[in-house]
Amino acid sequence: MKYHKKKIVLIGAGYWGTNIAKNLIKLNIEKLIIYDSNLKNAALLNKRLGFKAEVQKNFKEIIEDKENEYIIFATPPSQNYKLVEFAIKNNKKIFIEKPGFKNIEELKLIKKKYPNKIKNVTFGYIYIFN
């Protein structure tokens with residue numbers, strides 16, 4: 001399978017977001033967009049990477065932008081249901097760093113509400129799949 005360099009959106013600029021960003025850069029992606037609810041965290045991650053990422057301030061605009069097809073969530077499970085649901089509604093291809101959701105009921109609800117879109121959601125473990 002041929003790897004296509006793409007624009008990737010990273011939601012979450014904490015510890016795991018940093019690990020994911022480093023791996024994305026190693027893959028020579030074309031463009032990295034970083035969002036964190038704490039803008040200072042996103043700006044700090046961008047500075048530490050030594051890679052010119054684009055820091056965005058508005059989650060809703062990022063997700064609604066049709067050009068942003070691939071979204072990676074490195075966010076706390078307590079926030080993920082609402083964030084991921086919005087991304088699913090906007091037909092994004094989603095990678096969620098573990099554990100994903102607070103509980104299995106949230107995942108079941110997503111699956112029930114969006115049965116045809118759940119195939120675009122992947123849960124991952126960075127040290128297995130990088």
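These legends accompany several close-up views of one predicted model.

In this predicted model, local features are described where pLDDT is at least 70 and side-chain atom pairs count only at pLDDT 80 or more, whereas totals for chains, interfaces and linings use all residues. Residues are numbered from 1 along each chain as its sequence is written, and side-chain values use heavy atoms, with hydrogens and water left out.

View 1. Six strands form an open sheet in the order 3-2-1-4-5-6, with parallel pairing; strands (E, at least two residues) and helices (H or I, at least four residues) are DSSP runs numbered from the N terminus, and two strands pair if DSSP finds at least two bridges between them. Strand 3 (54–55) and strand 6 (121–124) stand at the edges and have a single partner strand each, so one side of each is left without a neighbour in the sheet.

**View 2. Strand 1 beside strand 2, with helix 2 packed on the sheet.** Strand 1 (residues 7–11) and strand 2 (residues 31–35) pair in the parallel sense over five bridges, and the bridge partner of I11 in strand 2 is Y35. Helix 2 packs on the sheet, where it touches strand 1, strand 2 and strand 3, and the direction of helix 2 makes about 150° with that of strand 2. Contact here means heavy atoms within 4.5 Å, while axes are lines fitted to C-alpha atoms, for helices over the stretch in contact, and angles run from 0 to 180 degrees between N-to-C directions.

**View 3. The crossing of helix 1 and helix 2.** The axes of helix 1 (residues 15–26) and helix 2 (residues 39–49) come within 11 Å and cross at roughly 40°. That angle makes helix 1 oblique to helix 2, where angles under 35 degrees count as roughly parallel, over 145 as roughly antiparallel, 65 to 115 as roughly perpendicular and the rest as oblique. The contact is made by G17, T18, A21, K22 and I25 of helix 1 together with L45, R48 and L49 of helix 2. By class, the residues of this contact of helix 1 with helix 2 divide into four nonpolar, two polar and two charged; Ala, Val, Leu, Ile, Met, Phe, Trp, Tyr, Cys and Pro count as nonpolar, Asp, Glu, Lys and Arg as charged, and the others, Gly among them, as polar.

View 4. Four bridges join strand 4 to strand 5, which run parallel, and I72 stands opposite F95 in strand 5. Four bridges also join strand 5 to strand 6, again running parallel, and here the bridge partner of I96 in strand 6 is F123. Helix 4 (residues 77–89) packs on the sheet and touches strand 4 (70–73), strand 5 (93–97) and strand 6, its direction making about 165° with that of strand 5.

View 5. Helix 4 and helix 5 pack at an angle of about 10°, with their axes 11 Å apart, and that makes helix 4 roughly parallel to helix 5. P77, Y81, E85 and I88 of helix 4 make the contact with E106, L109, I110 and K113 of helix 5, a contact that has five nonpolar, no polar and three charged residues. I118 lies in the loop between helix 5 and strand 6 and, leaving aside its neighbours within four places in sequence, is in contact with I110 and K111. The C-alpha atoms of I118 and I88 are separated by 7.7 Å, although these residues are 30 residues apart along the chain.

**View 6. Backbone details in two loops.** Most residues other than glycine have a negative phi, and most peptide bonds are trans. N28, found in the loop between helix 1 and strand 2, has a positive phi of about 60° although it is not a glycine. A cis peptide bond, with omega about -5°, joins K98 and P99, and P99 lies in the loop between strand 5 and helix 5.
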